[in-house]
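The following note is intended for a colleague who is new to this structure. Please read its numbered points beside the model.

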Amino acid sequence: MTDNREEVRRLVEAIEAFEAIEDDEACAKAVSEALAQWPDHHSKLRALRQQRVQALKVQGKTWAQIGELLGGISAARAQQIGAGLSGATRKKQQREASDG
């Protein structure tokens, strides 16, 4: 995905701002604070992506089209995103299937 959207650009700039903090202690503290909040934001981003992928499917897009839109991922992966399956969830399901 090379068409950096404004939101993505701002997120990358925020990360680069951490790198620009010269004081090691201040940088480590700031990064730790951001990482402490990251799990909630990560979950929100995943849920938002899932909702929008489902909306694209309802609009009539194929899984292949959605996969391409998401950066050239496979149709199967796009379908998994629409179902809310993360990499961790898929691996857990695979382990449970092989244990059973």
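1. The second largest pocket is lined by Leu11, Ala14, Ile15, Phe18, Val31, Glu33, Ala34, Leu35, Gln37, Trp38 and His41. A pocket is an open set of points on a 1 Å grid over the protein atoms alone, with protein on both sides within 12 Å along at least five of seven lines, and lining residues have an atom within 4 Å of a point. The volume of this pocket, the space filled by probe spheres set on the points, is about 300 Å³.

2. The model is predicted: local features need pLDDT of at least 70, side-chain atom pairs count only at pLDDT 80 or more, and totals for chains, interfaces and linings use all residues. Residues are numbered from 1 along each chain as its sequence is written, and side-chain values use heavy atoms, without hydrogens and water.

3. Helices α1 (6-20) and α2 (24-58) each supply at least two residues of that lining, and α2 gives the most, with 7 residues. Helices are DSSP runs (H or I, at least four residues), numbered from the N terminus.

4. The largest nonpolar core has 7 residues: Val53, Leu56, Trp63, Ile66, Leu70, Ala78 and Ile81. Such a core is a set of buried Ala, Val, Leu, Ile, Met, Phe, Trp, Tyr and Cys residues joined through side-chain atoms within 4.5 Å. Two or more of its residues come from each of α2, α3 (63-69) and α4.

Conventions
On a 1 Å grid over the protein atoms alone, a cavity is a set of points where a 1.4 Å probe fits but cannot get out, and a pocket is an open set with protein on both sides within 12 Å along at least five of seven lines; lining residues have an atom within 4 Å of a point. Buried means under 20% relative accessible area, exposed over 50%, partly exposed in between (1.4 Å probe, protein chains only).
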